[in-house]
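Please look over the sequence and the structure shown here before reading on. The briefing that follows goes through them topic by topic.

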Number of protein chains: 2
Amino acid sequence: MSRLLEDAVSELAKLPGIGKRTALRLALHMLRSEEQEVAQLIEAIGRFRTGIRYCRECNNLSDDELCPICSDPGRDRATICVVEQVGDVLSIEKTRQYRGFYHVLGGVISPMQGIAPSDLKIDLLEERIARGDVREVILAIGTTVEGETTLFYILNRLRRFPDLKVTSIARGIGFGDEIEYADELTITHAIQNRQKLDLNSD
Amino acid sequence: MSRLLEDAVSELAKLPGIGKRTALRLALHMLRSEEQEVAQLIEAIGRFRTGIRYCRECNNLSDDELCPICSDPGRDRATICVVEQVGDVLSIEKTRQYRGFYHVLGGVISPMQGIAPSDLKIDLLEERIARGDVREVILAIGTTVEGETTLFYILNRLRRFPDLKVTSIARGIGFGDEIEYADELTITHAIQNRQKLDLNSD
């Protein structure tokens, strides 16, 4: 096999979820594409990887010092939604329901992976809250063991702000999920936190 | 969303089989990877796309004027296997059963897509045969309408070599395929071209 092809395939196959077969298909597709199109792809990846920055306020991905969300005057300054990572911001933004700010921790506490609280942007979160505009912090952190540890750690740190309301996103059975297949902890939580249905609503 | 991220995602999502969701996952993965690793990926793709050549003998992908197969003195010069595209060579090579040369047409005749016989490397094939070493040409072309058209067209062109043996790969039910689900043409072909089983073989 051509070494140039082999190199391209083996590099592509290092990407998650892309096997040798798919990598080959991608490489051969690039060969059929215009050279200009492939150059565009390469450039976009390169510019992204080397040019991307982290917002100095919320640690979200950003092209500038402040991300588009933090520099949006139309957003609700009183609420900060704390998430593990950038992808979570994108998922929540897609719902178009949340109008507050975010705070990207950059991971969760994990002694196994050597991630200590100091590796996360918790100091930065406190600084933002100390400035005084924030009234509620929503903790939208995954329900893994590490996630729960992180949640309680942050909750503890935020006790120094007596007027701050700290909430956690609702846990429960997801829409479209079968109760039969939900795990015990989720079901327990979902029953304990059951919600009153309003029989008189229209 | 960051424009750098958006650009990277939209370029990645142009690749076949990669949706917006996967593209985002790949981009975020690249962010977690070392800058060096991403640079390697980009370089390998760029070198492949701009540096790759086509073998002057067989039209296979090549790093040099002659591809590794055409420059291999251990291969059988008497046989040429004609295929549609580069991927076919790789698939046949993977079986490690075929020891002859190849000839990559670069497509099949398709009036719909504006691919005429002159767009394929058929002249080059004739030149190779005219040099006199070749005794058999195996046509390993897909069984689409365009493939069959191409096969008969080449068969006709090769009539000018009276001593040349021209064969087609066997058509039939693939290993692991259910006869129940095979199409009529394949079944008809498989029955017409049934093979005698040797009851006395050891």
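Helices (H or I, at least four residues) and strands (E, at least two) are DSSP runs, numbered from the N terminus. This is a predicted model, in which local features need pLDDT of at least 70, side-chain atom pairs count only at pLDDT 80 or more, and totals for chains, interfaces and linings use all residues. Residues are numbered from 1 along each chain as its sequence is written, while chains are lettered from A and ligands numbered from 1 in the order in which they are written.

**Chain A as a whole**

- Chain A has seven helices and six strands, and from the N terminus on its elements follow the order α-α-α-β-β-β-α-β-α-β-α-β-α.
- The radius of gyration of chain A is 22 Å, whereas a compact globule of 202 residues would have a value near 17 Å; the radius is taken over C-alpha atoms, and the globule rule is 2.2 Å times the number of residues to the power 0.38.
- The C-alpha trace of chain A spans about 65 × 45 × 45 Å along its principal axes.
- Of the 202 residues of chain A, 27% count as buried, where a residue is buried if 20 or more other C-beta atoms lie within 10 Å of its own, exposed if 12 or fewer, and partly exposed in between, with C-beta atoms placed from the backbone.
- Among the contacts in chain A with a separation of 6 or more, 44% are accounted for by residues 24 or more positions apart; two residues are in contact if their C-beta atoms, placed from the backbone, lie within 7 Å.

**How the two chains meet**

- In the contact between the chains, 41 residues of chain A meet 41 residues of chain B.
- Helix H1 (3–12), helix H2 (20–32), helix H3 (35–51), strand S2 (61–62) and helix H4 (86–95) of chain A each supply at least two residues of the side that touches chain B, and H3(A) gives the most, with 13 residues.
- By class, this side of chain A has 23 nonpolar, 10 polar and eight charged residues, with Ala, Val, Leu, Ile, Met, Phe, Trp, Tyr, Cys and Pro counted as nonpolar, Asp, Glu, Lys and Arg as charged, and the others, Gly among them, as polar.
- The same surface serves both copies, since 100% of the contact residues of chain A recur in chain B.

**Helix packing between the chains**

- The axes of H3(A) and helix H1 (residues 3–12) of chain B come within 8 Å and cross at roughly 150 degrees; axes are lines fitted to C-alpha atoms, for helices over the stretch in contact, and angles run from 0 to 180 degrees between N-to-C directions.
- In this pair, A:Gln40, A:Leu41, A:Ala44, A:Ile45, A:Arg47, A:Phe48 and A:Gly51 of H3(A) meet B:Leu4, B:Leu5, B:Asp7, B:Ala8 and B:Glu11 of H1(B), and the residues of the contact divide into seven nonpolar, two polar and three charged.
- The axes of H1(A) and helix H3 (residues 35–51) of chain B likewise come within 8 Å and cross at roughly 150 degrees.

**Individual residues**

- A:Asn59, in the loop between strand S1 (53–54) and S2 of chain A, has a positive phi of about 70 degrees although it is not a glycine, and with 23 C-beta neighbours inside 10 Å it counts as buried.
- Most residues other than glycine have a negative phi.
- A:Val108 lies in the loop between strand S4 (100–104) and helix H5 (122–130) of chain A, and it counts as buried, with 23 C-beta neighbours inside 10 Å.
- Not counting residues up to four places away in sequence, A:Val108 touches A:Glu84, A:Ile115, A:Ile141, A:Glu146, A:Gly147 and A:Thr150.
- B:Asp177, in the loop between strand S6 (165–168) and helix H7 (184–192) of chain B, is exposed, with 11 other C-beta atoms within 10 Å.
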